[in-house]
Amino acid sequence: MAQTELPTSKGQAWFCTTGLPSDIIIEVEDMTFHLHKFPLMSKSRKLHEMITEEETKANSSKIQKLAARDKDGDGDEEIEEEDEENEEDQQCCISLPDFPGGSETFEAAAKFCYGVKIELSASNVAPLRCAGEYLDMTEEYSEDNLISKTERFLSQTVLKSIKDSIRTLNSCKNILPLAETLGIVQRCIDAVAVRASAADPSLFGWPVNDGAGNGVEANTRRRGANKGGGMDSWFEELGHLSLPLFKRLISAMKARDLISEVIESCLMYYAKKYIPGISRSNRKTSSSSSIPSENEQRELLETIITNLPEETSSRTSTTTRILFGLLRTANILNASEAARAALERKIGSQLEHATLDDLLIPSYSYLNETLYDVACVERILGYFLNGLEQRSSARIQGEEENISVRSAALMLVGKLIDGYLSEIASDNNLLPEKFCEIAVALPDQARLFDDGLYRAVDVYLKAHPWISEADREQICGVMDCQKLTLEACTHAAQNERLPLRAVVQVLFFEQLQLRQAIAGTLMVADVPPGEIPRLSGRGEGDVEDGEQEETTGVVGVAHAQEGSSTWRKTVRENQVLRLDMDSMRTRVQELERECSTMKKAIQKIDKVGKHSSGGREGGGGWRKKLGCKFKTQVCDSHEPTVVEARKG
């Protein structure tokens, strides 16, 4: 067999180099195949019938021409020359314009008819199966024919692999009517769904990562995927499917109740491949895939959003980042309100895993005057709080839920919203009412301290110096002065941008915290001595009992301190540290006064001794009486040098 390209009017020609001249021409698309009748007729019932029909027509036409010549009485030499020309011009020619798979598939089928071994693969088995059906190459017509050969390869090889099943499914997009009739499409979809449900879920997370995660973990998953049967190519093959086939595959997966992580990974990978701009770290689509039109992207986006599972994925940080990318794209493409609401609700269910960069959604509508879409974030926050209320109601009616997990999620969102407010506070078009609505939307337990909220208030007042005093008081009213740390209180007390009422409140609660801290310190210090373990006065035989008593005493003091809340403890520790420093400073001053008094006394004694004894022995005697056996030096903390006593 050999293929030769010749410049003909129909594009290309394909010849069979067997040493015999071809006696049949078959046209498929723009390719002309010069073949032989016998090999084709021995394997294909349809070609046998078509060739027989063409030969019958040719013979009938020849008989009619001979009868006409006999009637006209033409010469024998002219008749022979015309017969030779007609044999060349009237070579059997068959056209197959709707052949499944095109000229490439027919070439493989023709090689099969000539007895040439063809290599079946996941990419060509479906077109060859359809070609065998089209040409009627059944087992009844000829043994070991094309239909039986392709069916065995499908069932024994392709359908046992997820990657091969998807590749075969992708090859059906150009032969879809016949492939659908033969059941190839549905069999591939069912095979993918069944084997995906039996695969290891831990191997499905890495393809949607956009490079920001742990590279070691990603490489480990890739190595595990290679051991598990080519999972690294699973999603790559999935990305080549057309949207109708992809939708059918996702529907089949959902019908089999696959875990949400598998379905979510498929949707995320497909969306990142065909919708540019979802990931901020990589806004370029792959060179192998063409960028769909705006309408196609909108249809694809709404398909992805509609099929997103309601359950929260275990890869929440990565998934949340991509969900925000989908939301930004939905705003750009002007997707339907239902799709955007569903996406916002999905994001709200896992808002605690978002970052500040995720929340900074640009405002694409001319109706919004602010730089960022504040209303969208407000709706997402509302969905998050509604979800917390629903889970709280379910916990009361049903099983107990881990309250600490809910509190941690709420505090994470509180910190996130405070950072978001600090970021958008510098927007000149942000109204005070909108700022206050977002700030007070969270409950009190969402913030351990209000330092982040105070920072946002300070940024807003600095960026909006023209607002009225009433608006200033409204802005400052969103924070609780009792929940400010000492550093924030110190800054707020000196902040000229705050209203006078807010400064007074800060000073009042700062003094109140100081009193409470002193009272708490005294309460801990008033523990009876009998309850505190003794560290000495024990014999060797009482060591174990003493250790037990010491442990009991320490635990008792610890229990006494657990009555206050966490932020009270922090404030108390800071205040106690300040009191200790003040006490230390007072003690140093007392020591300095004592040293100064001793210095004057020594100098006076030296003078008296000199006049009475008239020499150095007097001074030395007095020092001996006072116990001074070294050279007298007095430390003065207010001066940089050491003041020495008289010398000699």
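These legends walk you through several close-up views of a predicted model. Residues are numbered from 1 along each chain as its sequence is written, and side-chain values use heavy atoms, with hydrogens and water left out. Because this is a prediction, local features need pLDDT of at least 70 and side-chain atom pairs count only at pLDDT 80 or more, while totals for chains, interfaces and linings use all residues.

**View 1. Strands β2 and β3 form a hairpin.** Helices (H or I, at least four residues) and strands (E, at least two) are DSSP runs, numbered from the N terminus. Two strands pair if DSSP finds at least two bridges between them. Here, β2 and β3 run antiparallel, joined by five bridges. Look for I24: its bridge partner in β3 is L35. Two residues sit between the strands, and E29 in this hairpin takes a positive phi near 55°.

**View 2. Both faces of β3 are covered.** Buried means under 20% relative accessible area, exposed over 50%, and partly exposed in between (1.4 Å probe, protein chains only). In β3 (residues 31–35), five of the five residues are buried. M31, F33 and L35 are on one side, with T32 and H34 on the other.

**View 3. Strand β4 has one covered face and one uncovered face.** Spanning residues 92–95, β4 has C92 and I94 on the covered face, whereas C93 and S95 are on the uncovered one. Strand β2 (residues 24–28) runs parallel to β4, and four bridges join the two. Across from S95 you'll find E27.

**View 4. D144 and N334 both have a positive phi.** Most residues other than glycine have a negative phi. D144 isn't a glycine, yet its phi is about 50°. Look for D144 in the loop between α5 (125–134) and α6 (146–156). With 41% relative accessibility, D144 counts as partly exposed. N334, also not a glycine, has a phi near 55°. N334 is in the loop between α15 (316–333) and α16 (337–348), and is exposed at 55% relative accessible area.

**View 5. How confident is the predictor in each part of the chain?** pLDDT is the predictor's confidence in each residue, from 0 to 100. The chain's mean is 76, and 68% of its residues reach 70 or more. Confidence is highest in α5, at 96, and lowest in strand β5 (residues 633–634), at a mean of 37. Over residues 615–648, pLDDT stays under 50, and the model has 30 contacts (heavy atoms within 4.5 Å) beyond four places in sequence for them.
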